[in-house]
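Open the model in your viewer and keep the selection panel at hand. The tour has two stops.

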Amino acid sequence: MQIPVEGFMYPNEVELQWSILIVLYPFITGLVAGAFILASLERVFRVEAVKPTYRLALLTALAFLLVAPLPLQLHLGHPERSLEMYLTPHRSSAMAMFGFVYLWYLMAVLLLEIWLDYRRDIVVKSQTTTGVTRLIYRVLTLGSSNISERSLHIDERLGYFITVIGIPSAFLLHGYVGFIFGSVKANPWWSSPLMPIVFIFSAMVSGIAVVMLLYMISTRLRRREIDICCLDKIAQYLFYIFVIDFSLEMLDLLQRIYEADESFRSLDFMVHTRLWTSQVIVQIVCGTVTPIVLLGLTQILSLTDTVRKRIYALAGCLTVIGIFAMRWNVVIGGQLFSKSFLGYTTYKMAFATREGLLTAITLLILPFIFLLVLVKLLPPWPDAGPVPASGASPAHGTS
Amino acid sequence: MFKDIEHLVRLAAVMAIALIAFATMRALVVPRSFGEYGHYRGDAIAEIAARPVAFAGHDVCEACHIDVVEQKKQGKHVVVPCEACHGAQAKHADDPASVKPAKLDTAVVCARCHEANSAKPKGFPQVATADHAGGLACDICHQPHRPKIETPAATKPATEGKK
């Protein structure tokens, strides 16, 4: 496959080594971190209004976390060797250390918090269901069916403690992703100490937006009334964090423009040509400024519930698209220009290959399938059967 | 009191079992010599050193193929070692009668160096092979050991790049 090249490229720069799967990886881990931060709002910071989304946010984080390593595994020529990262850890490699960050976050934070939060439900279900389902729940109880007030209180305290640990862990998980890019000093598009911080805030933005959309969709599917107070509060947090995220990105941009180092002209040309659509149009205009303006309007104007819901839905979708575009522009954009600053290459995405578009679409659908299974197994809402919307109360967990 | 934390004790036991399983697997799987000299298997050095030599070296080739040496001296390929194109030939050098080198497909081998690429120095001979030869093998026109064609006017296509 001939790759169109403009100007001068070194031979090893012509073909991009990091494909769309490496775009998916920070996107997915960002959703995990963001969803967890939203859950912690209720648990640690006692924001009662977002309680209906607490359990949904935890399950969303878990579903996406289970998929997070798959793009990396598919990218590897020898995925079976990834286990060696654990067996013979290389402490001087940030990428090798990610395995431990991932395992810590999955096993010590997310699974533990979900288990403690759901333990009462798991025990009840292990006693009320039959067949294979009963067996699954019994395994999940670990053989202990004690759900006394005292034991649940201990779970609550321990869960709180784990969430407190979980917040820096979520920051670490996604901060690490930004760190990986930010510490590549040979690449001026990536090398920035602001990168981990920008990644964390954009992660929070995307995770909160996805949980908000999932809450709206799942409530609609269950034919319940959306808790508008909850939605307003989530949108408010989304707006605030989005403003900070946008400010940080603009600060980074301003610094680059003012500093105008030897790479600036080349990168500026790239933004005005190859990245114009994905960066300026999709990421900044459609995916950042528009949702911020829309969310800002809901904070200023007195709008009806229906209008607000529609604005939130639109802003949420645009936000997720915008953050995906941000990941795309970081990963792909950082490989399009030559280290000589004299040429540009093109990313040719294949379709039905190991790192092609079809694989990427599958990996984006997979977390929702996992989430569906998790929701069936561990319903995030206490009432299972659908009832008319007029008589519904907001769904919430028993944390 | 214990009854209220029994589930946590069980959880701790599950985690302990998982850790012991991991430690056991690590002890079984990680080679003993790992980390002896660096972040790799120490025994690998001796294993690699024990491998049979695959390359003969151009001095060995030139000892027999004197005619080729003379040809190469007349062209720029004099600096290219024999096995750069012909591949590792230690077995052929050991037993020239029974081990014969495979005939090269010059349409593939030559393109490895001479396919046009903007990253290569301008003075280096390079062509877009699809335009230049249209799939024909290079040795139809060029003698690989002395590639410059002495009467280029008759064969050189109009679209040919810098030679």
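This predicted model holds one cavity of 30 Å³ or more. The volume of the largest cavity is about 40 Å³.

To find the largest cavity, select its lining: A:Ala33, A:Ile37, A:Ala170, A:Phe171, A:His174, A:Ile200, A:Ala203 and A:Met204. Next, colour helix H1 (20-43), helix H7 (149-182) and helix H8 (195-221) of chain A, the elements that each give two or more residues to this lining. What classes of residue make up the lining of the largest cavity? Seven are nonpolar, one is polar and no charged residues are present.

Now move to the second stop, a pair of helices. Select residues 54-67 of chain A, which form helix H2, and residues 357-377 of chain A, which form helix H14. The axes of these two helices come within 8 Å and cross at roughly 135°. The crossing of H2(A) past H14(A) is right-handed.

Show side chains at the contact. On H2(A), pick A:Leu59, A:Thr60, A:Leu62, A:Ala63, A:Phe64, A:Leu66 and A:Val67. On H14(A), pick A:Leu363, A:Leu366, A:Pro367, A:Phe368, A:Phe370, A:Leu371, A:Leu374 and A:Val375. Colour these residues by class: the contact of H2(A) with H14(A) has 14 nonpolar residues, one polar and no charged.

Conventions. Residues are numbered from 1 along each chain as its sequence is written. Chains are lettered from A and ligands numbered from 1 in the order in which they are written. This is a predicted model: local features need pLDDT of at least 70, side-chain atom pairs count only at pLDDT 80 or more; totals for chains, interfaces and linings use all residues. Side-chain values use heavy atoms; hydrogens and water are left out. Axes are lines fitted to C-alpha atoms, for helices over the stretch in contact, and angles run from 0 to 180 degrees between N-to-C directions. Helices (H or I, at least four residues) and strands (E, at least two) are DSSP runs, numbered from the N terminus. A crossing is left-handed if the near helix is turned anticlockwise from the far one by less than a right angle, and right-handed if clockwise. Contact means heavy atoms within 4.5 Å. Ala, Val, Leu, Ile, Met, Phe, Trp, Tyr, Cys and Pro count as nonpolar, Asp, Glu, Lys and Arg as charged, and the others, Gly among them, as polar. On a 1 Å grid over the protein atoms alone, a cavity is a set of points where a 1.4 Å probe fits but cannot get out, and a pocket is an open set with protein on both sides within 12 Å along at least five of seven lines; lining residues have an atom within 4 Å of a point. Grid points are joined across faces, edges and corners, and a volume is the space filled by probe spheres set on the points.
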